[in-house]
Amino acid sequence: MTIEHTNEDISMTEYTKLDSVNKSDIETILVSIFQSSYDGIYVADNDGVGIMVNSAYSRITGVNSQELLGKNMMTVVNEGLVSESVTIKVLEEKTAQTIIQTVRGKELLVTGNPVFDHNGKITFVVTNVRDISDLNYMKTELLHSKRLTEQYIYEIEELKKRELIHMHFDGIIGQSQEIMKVFHLARKVAKVDSTVLILGESGVGKEVIVNYLHQESDRANAPLIKVNCGAIPKHLLESELFGYEKGAFTGADNQGKPGLFEQADGGTIFLDEIGDMPMDLQVKLLRVLQEFEIMRVGGRKSFKIDVRVISATNMNLEEMVDKNDFRRDLYYRLNIVPIKVPPLRERVADIIPLAFYFLNKTNKKNKLNKRFHHEIIHFFEEYRWPGNIRELENLIERLVVTTDNEEIGMHDLPAGMLKGKARKKTETGKLKEIVANVERKLIKEQMERSKTTRQAAKELGISQSALVKKMQKLGF
């Protein structure tokens, strides 16, 4: 194809030596640019007949140049190779047009631009093609060619308009309704000194709620002392909590030692794994909660303290009370305001934001640039996460630092996770999963017999657009 142009066709700021380059060289340069473009490019004449197509078009669509060149686009549409033609639209409207086009099961963003001669007649139509299948799979409803960063900004603005809260606090991101209820309750309770009992499975982020309660309270500038009651040996726990006087026991410091309750005076003390506290210490803790007085080990008098008590456990304290493994009076004193943190499997909307947060955090820490394949993101939403947020964070750090490729895919997951998913599907046998498997099998068999999605859709008795959507949803 010969390309006619004048000096005015090329901006002198972009090319300042046009006079020194002959026409043949310019044509060679333009053809090289055409072929090296990452986007697919298709060129038709003013009759809608294909005359040029680059290799990127074939890579994106799976359509060979021989299937397009020399053919009118109406013929290509009638053959079912593409769903509709932007070239025909441009020739009819005589302006640039953008459509969503389906080609062999892929949804493409296609933009056609007319090229006019000096008399204002269309001589060529240049079509630019981009694959948007991955964006659709990620459930983005932005069917246009904006860059991903612009999409994220748009989505955030939409969330703000709908008054949805996206909470980000010390490594925890939450946008699900379930976690929003937790934070709304915590915000109310933070302003008072009522005793709080935080309940939830291991790894759900109970300590983060504690941090939030403290920092939103009037005690934010005072100490926050954290105690893991299950990690301190039982014979040392009393002296750690309440301190001891000099000479209280063999090996005691000659000056005595203030306990953690004293250190938290004016602030907050967090008693984690409260269910592991020995029965004899539960009596002493009950007195602290009733009188807000403590007595050091080996001491003879008690003294007042001003401290807010927050406790947490992953145990069922009610059952422990029934079995006499935990004092009933202490349970009621601790459980004035219970806050239950739901497990991650009940907060599906939080999984992907959390996953990307931990990915970015680990990338920054290790100066890496790893990214997720869309299949693994879908897997994260389906996985049960028995270890909750802690399991998710640890897994992502492991994947980021151990995978060889920049993109983290399904093959990088530990074998046990995939087996666990397979077992879960076999055991549950949910109707939705069974139907999906049947649809996947039928569509796969029909696509092997049919040349196009149009033909396959006709045989299956559904529309072409419905078939394309099902194929994307089912992972084709």
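**Entry 1: a charge and a ring**

I count a charge as sitting over a ring if NZ of Lys or CZ of Arg is within 6 Å of the ring centre and within 35 degrees of the ring normal. With that in hand, I looked up Arg-59, and I found that it lies over the face of Tyr-38, at 4.4 Å from the ring centre. A reminder to myself: this is a predicted model.

**Entry 2: empty space inside**

Next I went looking for holes. Rolling a probe the size of a water molecule over the atoms shows where empty space is left. How many cavities of 30 Å³ or more does a search of the whole structure find? The search gives 1. I noted a volume of about 70 Å³ for the largest cavity.

Which residues line the largest cavity? I wrote down Tyr-42, Tyr-57, Leu-68, Met-73, Val-82, Ser-85, Val-86, Thr-87, Gln-101, Val-110 and Thr-127. Sorted by class, this lining has 7 nonpolar and 4 polar residues, and I found no charged ones.

**Entry 3: aromatic rings**

Then I turned to rings that pair up. A pair of aromatic rings is described by the distance of the centres and the angle of the planes. Rings of Phe, Tyr and Trp pair if their centres lie within 6.5 Å, and by this rule I get 11 aromatic pairs.

I picked two of them to read closely. In the pair of Phe-379 and Phe-380, the ring centres are 6.5 Å apart and the planes stand at 55°, so I call this pair tilted. Phe-379 and Phe-380 are both buried. In the pair of Tyr-383 and Trp-385, the centres are 4.7 Å apart and the planes are at 90°, so this pair is edge-to-face. Tyr-383 and Trp-385 are buried too.

After α19 comes Gly-461, and its phi is positive, near 80°.

Phe-292 is one of them, with phi near 50°. I located Phe-292 in the loop between α11 (279–291) and β13 (293–294). Its relative accessibility is 29%, so Phe-292 counts as partly exposed.

Asn-388 is not a glycine either, yet it has a positive phi of about 60°. This residue is in helix α16, residues 388–402. Asn-388 has a relative accessible area of 0%, so I list it as buried, the cut-off being under 20%.

- Asn-78 sits in helix α3, residues 73–78, and is exposed at 62% relative accessible area. Asn-78 and Arg-454 are 376 residues apart along the chain, while their C-alpha atoms are separated by 9.9 Å.
- Phe-358 is in helix α14, residues 348–366, and is buried, with a relative accessible area of 3%. From Phe-358 to Val-400 I count 42 residues in sequence and 9.8 Å in space, C-alpha to C-alpha.
- Asn-369 belongs to the loop between α14 and β17 (371–372). With 56% relative accessibility, Asn-369 counts as exposed. Asn-369 and Glu-407 are 38 residues apart in sequence, and 8.9 Å lie between them in space, C-alpha to C-alpha.

Terms used: Residues are numbered from 1 along each chain as its sequence is written. This is a predicted model: local features need pLDDT of at least 70, side-chain atom pairs count only at pLDDT 80 or more; totals for chains, interfaces and linings use all residues. Side-chain values use heavy atoms; hydrogens and water are left out. On a 1 Å grid over the protein atoms alone, a cavity is a set of points where a 1.4 Å probe fits but cannot get out, and a pocket is an open set with protein on both sides within 12 Å along at least five of seven lines; lining residues have an atom within 4 Å of a point. Grid points are joined across faces, edges and corners, and a volume is the space filled by probe spheres set on the points. Ala, Val, Leu, Ile, Met, Phe, Trp, Tyr, Cys and Pro count as nonpolar, Asp, Glu, Lys and Arg as charged, and the others, Gly among them, as polar. Rings of Phe, Tyr and Trp (its six-membered ring) pair if their centres lie within 6.5 Å; planes under 30 degrees apart count as stacked, over 60 as edge-to-face and the rest as tilted. Buried means under 20% relative accessible area, exposed over 50%, partly exposed in between (1.4 Å probe, protein chains only). Helices (H or I, at least four residues) and strands (E, at least two) are DSSP runs, numbered from the N terminus.
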